[in-house]
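Please read the following note with the sequence and the model open side by side. The points are numbered so that each may be checked in turn.

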Amino acid sequence: MADLPNGFTGFSRRDPNFVSAGDALRGSRYDETSFVARKQERSLAEAWSPTSGAGAAAAPAVTQLSSAASEVLRFAESGTPAGEALRFDPDKLAHIPEADRRWSWVEIDLNAIRHNASAVKRRLNPGTRLMAVVKADGYGHGAVQCAKTALNSGAEYLGVATVDEAIALREAYVNAPILVLGEPPASAIPLLLAYKIMPSIYTPEFAIRYGEAADAFGLSAPFHLKVNTGMNRIGVRYDEVVEFARQISFHRALDLVGTFTHFATADCPGTIDFERQVKRFYEAVNALRAAGINPGIVHAANSAAAIRYPEVQLDMVRLGISLYGFYPCPEAYPMIELKPAMSVKARITDVKTLPVGEGVSYGLHYRSPGAVKICTLPIGYADGFRRGLSGRTDVLLAGRRFHQVGNICMDQCMFEVNLRQRNDLDPQIGDEVVVVGEQGEAAVTIDQMAETLGTIQHEVAIGFGCSRMPRIYI
C-alpha cells in the first residue's frame with residue numbers, strides 16, 4: 001500500500017529522530033533506555049551508516065533537543081550514570097506550581113484580611129476583644145493563614161465550627177484561645193483537652209463528662225455557655241441559664257470562661273427581633289450575676305452587629321464574613337471600608353471561531369450569532385463556579401467584561417468575545433482571565449454572583465475556596 005501523507009501508514013516517512021509521547025513516557029520510567037538515550041543512539045547509528053561516507057552530509061553525533069525536551073530534563077534525577085534510563089525526581093516535580101498544573105486558581109490578599117481586622121478593631125469600644133471566625137477553612141480563604149494574619153492585626157480569639165478545624169490550627173502552631181462555636185460529640189472530649197480547645201456547652205450530659213475527663217487528667221475544663229435568645233438553633237434557653245449553671249456547678253473541673261448568644265437578624269433592616277434578643281441576653285447574663293455566677297467573657301455581636309450596633313459589642317465581638325471583606329448588609333456600607341480578599345482567576349485553554357448557529361456546551365442553549373470567538377476556561381461548578389450562573393455572569397479579559405455563555409460544566413466553562421464589538425482584541429491560549437475580582441476599571445464580585453443566585457456571599461466564597469483550585473497568597 002502506498003504511503004499516505006497524513007494517514008496511518010505514513011509512519012514510514014517520519015523523522016528518524018521523532019519520539020512519540022508514549023515512547024517518551026515509557027522511556028522515562030519503564031524502558032531500559034530513556035527516550036533521550038534512544039534518540040542519541042539513533043543519531044550515532046545514522047552517523048556511522050554507509051550512507052554517511054565522503055559523498056554524504058555527515059549526521060550530527062548528538063541530536064539537538066527541542067525546547068520542550070530541554071525543559072522537561074530539568075526534572076530528571078541528577079547523577080544518572082551514562083546509558084541508564086532517566087528518571088523523574090519527585091522533589092523537583094513537587095516544585096511545579098499548582099497554578100501551572102491546571103491554569104485556574106484562587107488568590108487571597110492577606111493585606112485585605114489585615115485591613116479588615118484592623119478596621120473593625122478600630123471601631124470597637126475600649127477593652128472589647130476581637131474574635132476572628134475562621135470556620136469552613138476561613139470561609140474558603142484558608143483558616144491557618146487568615147487566623148495568623150488576623151491575630152497579627154489585633155484579634156485575640158479564634159472561632160471554629162468543628163474540633164478538626166481547631167486541631168488544624170493547633171498543628172500549625174496557632175496558640176491563641178480557640179472556641180468551637182457548637183457543642184461537639186462527647187467522644188471528642190479527649191481531643192479538646194489534649195489540644196487545649198474550648199467547647200461551647202448547652203447540655204448537662206456533655207458538661208459533666210467533659211468535667212470528669214478533665215479531672216481525671218488533673219486539668220481544668222474551660223468552656224463558653226451558649227444561650228438561646230431566639231434563634232432557636234442551639235443553646236440553653238435564656239430564662240433557664242441559672243438552673244443549668246447550678247446543675248453543673250458542683251463539678252470542680254468545669255470553668256465557665258464565657259457566655260454568648262447569636263443574633264438571627266442583625267443584618268436585617270428591621271430591629272424588633274434583634275432588640276428582643278438583646279433584651280433576653282441581658283436578662284440571662286444579669287440573672288447569672290445575681291446568682292453569684294461570673295459569666296466570664298460576654299459576647300453576642302457578629303459582623304453585622306459589631307459594625308451597626310456598638311452598644312452590643314460587650315466584652316468581645318465575633319468577626320466572620322466581614323473579616324474577608326464582605327459587607328454583611330447594605331446598611332454597613334457607609335459605616336466601614338472593607339476590602340475583598342478573594343480573587344478567582346484562570347487562563348484560556350482553547351479559542352475557536354464559530355459560524356452562525358453553532359451551539360456551545362451541554363444542551364446547546366447558546367447559539368453563535370456569528371463573528372464571535374469562544375474561549376474556554378478550566379473552571380467549572382466542581383470548583384465553585386456555580387452552574388446556576390450559566391449565561392448570567394461575566395468574566396474579565398484585558399480589563400473588559402465578556403459574557404459567559406453556555407452551561408457551566410463540571411470542570412470547564414466558556415465565554416464569548418464578539419469580534420464586531422471587540423475587533424481590537426485577539427484572545428490567545430494562556431491569556432489570564434478574572435472570574436472574580438478586578439482588572440483595570442472593571443470588576444466581577446462575589447456579591448453580584450450571590451445576588452444572581454439568590455443566596456449569600458458566604459456560600460459562594462466557600463464554594464470557590466474549598467474546591468480543587470489551589471490557593472495562592474499575596
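Predicted model: local features only at pLDDT ≥ 70, side-chain atom pairs only at ≥ 80, totals over all residues.

**Note on helix packing, salt bridges and backbone angles**

1. Helix H15 meets helix H16 through Ile446, Asp447, Met449, Ala450 and Leu453, which touch Gln457, Val460, Ala461 and Phe464 of H16. Contact here means heavy atoms within 4.5 Å. Helices (H or I, at least four residues) and strands (E, at least two) are DSSP runs, numbered from the N terminus. Sorted by class, the contact of H15 with H16 holds 7 nonpolar, 1 polar and 1 charged residues. In this scheme Ala, Val, Leu, Ile, Met, Phe, Trp, Tyr, Cys and Pro count as nonpolar, Asp, Glu, Lys and Arg as charged, and the others, Gly among them, as polar.

2. Residues are numbered from 1 along each chain as its sequence is written, and side-chain values use heavy atoms, with hydrogens and water left out.

3. The crossing of H15 and H16 is right-handed; a crossing is left-handed if the near helix is turned anticlockwise from the far one by less than a right angle, and right-handed if clockwise.

4. Leu110, Ile113 and Arg114 in H6 meet Gln145, Cys146 and Thr149 in H8. By class, this contact of H6 with H8 has 3 nonpolar, 2 polar and 1 charged residues.

5. For the protein as a whole, the secondary structure comes to 16 helices and 21 strands. Of the 474 residues, 47% are buried; buried means under 20% relative accessible area, exposed over 50%, and partly exposed in between (1.4 Å probe, protein chains only). Among contacts with a separation of 6 or more, 64% are between residues 24 or more positions apart.

6. How many salt bridges does a search of the whole structure find? The search finds 18, a salt bridge being a side-chain nitrogen of Lys or Arg within 4 Å of a carboxyl oxygen of Asp or Glu. One of them joins glutamate 71 to arginine 74, with the closest N and O atoms 2.5 Å apart. Glutamate 71 is partly exposed, at a relative accessible area of 40%, and arginine 74 is partly exposed at 48%.

7. Arginine 471 forms a salt bridge with aspartate 137, and the closest N and O atoms are 2.6 Å apart. Arginine 471 lies in strand S21 (residues 471-473) and aspartate 137 in helix H7 (residues 135-139), so the pair ties together parts that are 334 residues apart in sequence. Arginine 471 is partly exposed, with 23% relative accessibility, as is aspartate 137, with 28%.

8. Aspartate 383 forms a salt bridge with arginine 468, the closest N and O atoms being 3.1 Å apart. Aspartate 383 sits in the loop between strands S15 (372-377) and S16 (394-397), and arginine 468 in the loop between H16 (457-465) and S21, so that distant parts of the chain, 85 residues apart, are linked. Is aspartate 383 buried or exposed? At 0% relative accessibility, aspartate 383 is buried, whereas arginine 468 is partly exposed at 46%. Salt bridges that share partners join Arg102, Asp383, Asp411 and Arg468 into one network.

9. Two backbone angles deserve a check. Most residues other than glycine have a negative phi. Aspartate 137, however, has a positive phi near 55 degrees. Alanine 371 also has a positive phi, of about 55 degrees, although it is not a glycine. Alanine 371 lies in the loop between strand S14 (366-367) and S15 and is partly exposed, with a relative accessible area of 31%.
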